[in-house]
Amino acid sequence: MASSTWQLKNNYEHMKIKICISLLMVLLANGISAHQPKIKIQSIAPGVIKLTMGTPDKFSPYTFCSEKPKVEEMNQLSNTPLPFDLKDVVVRINSRGVQIRIPLNDEEQLYGFGMQIGTFEQRGLRKRPVANDTPSNTGFTHAPQPFYVSTAGYGVLVNSSRYITFLCGTNQELSQQNPNQNEQDKLKFSTQELYANQTQKKMSMWIDVPTAAGVEVIFFQGKSLLESVQRYNLFSGGGAMPPMWGLGIKYRVKGDFNQDAVSKMATYFRDHQIPCDVLGLEPGWHSNSYSCSYVWSDKFPHPQEMIDELKEKDFRINLWEHAYVNPAAPFYKDLEPMSGSFLVWKGLVPDFVNPKAAAIFADYHEKNLVDKGISSFKLDECDNSNIMDAKATWGFPDMTQFPSGIDGEQMHQLFGSLYANTLAAIYKKKNQRTYFDYRSSNVFNSSLPAVLYSDIYGHNDYISMISTASFGGLLWSPELRDTRSESDFIRRLQTILVAPQAVVDSWFLKNVPWFQLNRELNNKDIKYENADQLEILVRELFKERMSLIPYIYAAFADYHEKGIPPFRPLVMDYPDDRKVRSIANQFMIGQNLMATPTTMDSTARTVYFPAGTWYDYNTLRQYTGGKSYLIEINTDKLPLFVKDGSIVPVAAPLNFVDDKSVFEITCKVFGNNPAPFTLFEDDGITYNFQKGTFNKIVLSVTNGKGSIERKGNFKGKRYDIKDWKFLK
Ligand code: GAL
């Protein structure tokens with residue numbers, strides 16, 4: 001395999017030289033501080049400015065970005081300048097490392113730092129985005145991103161893989177104290193008052209990058225928060241374009257299933273006409289799984305027969321693994337000299353920074369798994385064992401040394417990204433699209449066709465992470481597993497079906513979760529009393545998801561071409577509405593739909609409607625925007641609302657998406673004078689769309705009549721527009 005990291009570096013150099021608008025200025029110390037070092041300011045892409053101070057670390061995240069910026073598309077965005085003067089950015093370099101101060105205005109709200117849990121609005125908080133398998137509101141996360149975006153219309157990215165702390169308008173320095181400020185603090189005695197979160201006014205962002213002798217900070221301009229996110233996504237190569245089958249249903253079987261059990265599960269789905277596109281195999285397929293051998297276990301005596309049988313039934317296969325290489329792995333000896341100085345589960349930690357190590361790992365996967373018919377992988381445990389728990393010690397220590405020179409701390413921050421990119425490159429080379437599950441990411445991964453997941457099972461967190469992920473070009477996949485009650489089951493089911501990936505993760509359940517909700521009883525084959533009714537509901541709701549695939553696929557095309565996240569919080573679409581800033585439990589899907597999932601505790605939930613009229617997708621009931629309503633969320637439909645003036649293409653649901661599936665589409669029109677809607681039509685499985693092989697099908701309504709315009713050079717047909725329904 002051509003080494004991916006080698007290419008990455010080359011691309012970086014290439015880009016540095018090529019971007020025509022690159023200009024170079026050296027600012028002298030601006031007098032704000034005697035310690036202010038020289039700062040080099042470069043425009044590195046349209047609306048993207050890089051500040052370089054001191055000598056940055058060698059292993060910065062951008063070094064590993066495999067994609068080039070989509071310069072042309074970035075040029076389509078506005079050229080609104082940053083809302084502050086770069087001269088007001090203060091930098092210190094000292095024995096601690098680098099500290100940076102960036103102005104904040106009193107009104108702006110901040111978001112980001114990767115897939116954060118427990119906090120959505122980040123203003124007034126101290127965040128430390130560090131790779132950890134147990135997320136916490138400190139910033140520990142599966143996707144530590146040193147990147148935040150602001151409602152004032154800009155993004156800031158610290159291009160470093162150190163454990164960085166961001167003080168988001170919390171603490172101020174002595175030098176920032178206003179001597180004229182004569183405020184008399186009232187005496188405080190309660191601990192609540194004394195330790196209350198500090199005022200957020202008149203503060204700056206402080207960034208603490210320890211151990212570094214210099215750093216690069218990248219600023220993304222935008223006229224709004226959304227535009228700065230778009231710019232970041234386009235700079236990273238544009239958003240990911242999953243294969244069409246990736247938007248269907250994925251079912252992961254129990255970890256210890258054998259070949260026969262997998263085959264029976266496949267038959268169950270097809271015989272019961274329950275939509276399913278992907279079957280995921282968990283650890284039991286390896287002869288050794290903690291660490292991994294990547295060799296079929298004796299539970300699977302004839303793996304090729306199984307692969308062929310599942311293919312015959314139109315299933316794609318996804319294999320679980322992690323990157324810790326067991327001595328039983330056939331490539332162990334070759335990899336040994338290119339591995340970290342500490343082991344994980346007695347396995348090697350590949351030095352993915354070294355192109356040769358990545359090539360050994362990827363070549364084995366390509367020849368033995370991908371070429372044999374494996375469509376995707378689940379990349380587990382590429383984060384770190386919980387560093388808040390002294391007993392959780394499987395992760396390699398931060399002091400680990402890798403032959404390439406990267407250390408354990410930097411490797412932890414980048415590991416998920418490097419690992420996923422190493423394997424994704426195999427598929428790209430084969431011109432075959434994939435959709436991975438992975439448990440850790442970093443920055444510049446917008447174009448990576450992969451969804452993040454977690455062992456946490458908090459339903460509210462699952463919902464809010466769909467929004468949180470989108471600030472940094474990430475996709476999040478909540479899961480359905482065992483449940484506490486029927487209502488817990490139904491609500492979680494609804495949530496997975498309005499997410500970037502719809503997955504049932506039965507890795508510890510022998511039977512499907514609707515056969516028996518309770519884990520112990522499920523594994524004893526004891527059927528739940530309402531199992532048959534639940535199966536009917538599952539079939540219906542899975543079909544609803546399948547009917548939205550063309551719509552969601554169009555949202556992904558906008559992600560790829562314009563950098564607009566397909567699943568995103570309301571704060572991106574309604575920048576002038578202050579009420580949406582804190583809303584993390586409802587989100588936009590594509591151009592027209594708003595999802596409002598709820599949890600088991602509530603049959604009704606508060607739904608806020610931004611400006612305009614909105615329709616219940618199912619009942620067509622109308623709501624006036626700018627207000628909140630308490631709404632009963634149906635249990636037998638998906639929790640969706642539609643913006644007035646929308647065309648939503650809805651497909652006759654398929655049980656799976658094969659390479660030639662044609663979706664029969666009814667265009668549902670909500671309101672008068674709807675905005676045109678553009679479907680993206682291509683083969684859905686290769687990268688030919690990047691060479692221009694696709695069609696755009698513009699659906700529009702004039703004088704109450706629907707019309708279709710298909711343009712492009714894709715010769716096949718994935719959509720058949722059958723009907724128009726004018727609903728209001
Ligand atoms: C966990 C992972 C689960 C499942 C399990 C299998 O680490 O998060 O989704 O794959 O491993 O052992």
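Predicted model: local features only at pLDDT ≥ 70, side-chain atom pairs only at ≥ 80, totals over all residues.
**Entry: helix 14.** Next I checked burial and found the helix mostly covered, with twelve of its 14 residues buried. I noted the buried ones: I549, P550, Y551, I552, Y553, A554, A555, F556, A557, Y559, H560 and E561. Then I looked at what follows helix 14, and that is G563, with a positive phi near 80°.

**Entry: strand 13.** I moved on to residues 249-252 and asked myself which side chains point which way. I249 and Y251 go one way, K250 and R252 go the other, and all are buried.

**Entry: partners of strand 13.** I looked up the neighbours on the sheet. Strand 20 (residues 502-505) runs parallel to strand 13, and four bridges join the two. Within that pairing I found Y251 opposite V504. Strand 14 (residues 278-281) also pairs with strand 13 in the parallel sense, this time over three bridges. There, R252 has G280 as its bridge partner.

Entry: Which handedness does the unit of strand 13, helix 5 and strand 14 have? I traced strand 13 through helix 5 (residues 259-271) to strand 14, and the β-α-β unit is right-handed.

Terms used:
Residues numbered from 1 in each chain as written. Heavy atoms only, no water. Buried < 20%, exposed > 50% of the residue type's maximum accessible area, 1.4 Å probe, protein only. Pairing = 2+ DSSP bridges. Right-handed = clockwise from strand over helix to strand, strands pointing away.
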